[in-house]
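Student: I am new to this structure and would like to go through it with you slowly. Could we begin with its pockets?

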Amino acid sequence: MGRLSVNLSGLQLDNPIIPASGTFGFGYEFAEYYDINILGSISLKGTTRDPRYGNPLPRIAECSSGMLNAVGLQNPGVDKVISEELPKLRKCFGKKAVANVSGFSLEDYVYTCEKMDKQDEVGILEVNISCPNVKHGGMSFGTSPESAAEVTRAVKSVTTKPVYMKLSPNVTDITAIAKACEEAGADGIALINTLLGMRINLKNRKPILYNKSGGFSGSAIFPVALSMVYRVYEAVNIPIIGMGGVTTAEDVIEMMLAGATAVEVGAANLVEPYACKNIIDNLPAAMEKYNIESLESIIGGAH
């Protein structure tokens, strides 16, 4: 155990850095850039029961200090993820991954989580009840404490590995939803997913995205994410994976002081393929600068 290591629900990570789901593919795509085994873990591309093409184009829009996406959970479906994607990852990544699971019904979540739970490559299940880019599912499960708890209980009944519920910031009271997940048996909370946003094309005066609105991510949302991690840390007694606008080693330290045990890096990977590697490389110097002996010792240190 080194100065950068953290323990996430029994999973010992060499460092707290995890590429966020949807920004790092299934992991092996980045292995041609650097040795991905330096990462704490990897949150795999969101997986659903059935294959999904995703939303119609255009589904990406740029904006100041961030981006909008309405990709719509494009993925090959859980069976192909297990038969094709995980074996490719196994060849270049020797650690446990975080399986990100989405659904459009309670049955979808149960089916996909039960299958992913059985895979040796998976160490933690990250259950996405917070996607703003799909209709009839996703975020609708994460907008009330009751429905969030219902998904949590259903998934926990068919799994053996730690379950982290990924929450939406697009709610009135995120702490109430986090507490409901904890009471329903969640092992941890992951937050935040993207904020709702829009861009309009001035030439044709229509929304740029086919879906009209999409998920806003990037450095601009970091203060929002930090605040929500801070508030949820005070509301629950289970670990938190913090994310949202993280781009530097200093951001990671802030997230951990707010209460995160591990930190996911999302949109930064789409701008700079070496983003996670650079953060890991820069963490020791940032720790020296702020007199931090070990990262685990600062979790929740701002409270």
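Tutor: The model is predicted, so local features need pLDDT of at least 70 and side-chain atom pairs count only at pLDDT 80 or more, while totals for chains, interfaces and linings use all residues. Residues are numbered from 1 along each chain as its sequence is written, and side-chain values use heavy atoms, with hydrogens and water left out.

Student: How do the residues of the lining of the second largest pocket divide into nonpolar, polar and charged?

Tutor: A pocket is, on a 1 Å grid over the protein atoms alone, an open set of points where a 1.4 Å probe fits, with protein on both sides within 12 Å along at least five of seven lines, and lining residues have an atom within 4 Å of a point. Ala, Val, Leu, Ile, Met, Phe, Trp, Tyr, Cys and Pro count as nonpolar, Asp, Glu, Lys and Arg as charged, and the others, Gly among them, as polar. The lining includes Glu62, Gly66, Met67 and Val271, and its residues divide into four nonpolar, five polar and one charged.

Student: Which residues are closest to the centre of the largest pocket?

Tutor: About 580 Å³ of space lies in the largest pocket, a volume being the space filled by probe spheres set on grid points joined across faces, edges and corners. Of the 37 residues that line this pocket, the closest to its centre are Ser21, Gly22, Thr23, Asn69 and Thr194.

Student: How do the residues of that largest pocket's lining divide?

Tutor: By the classes given above, the lining of the largest pocket holds 15 nonpolar, 19 polar and three charged residues.
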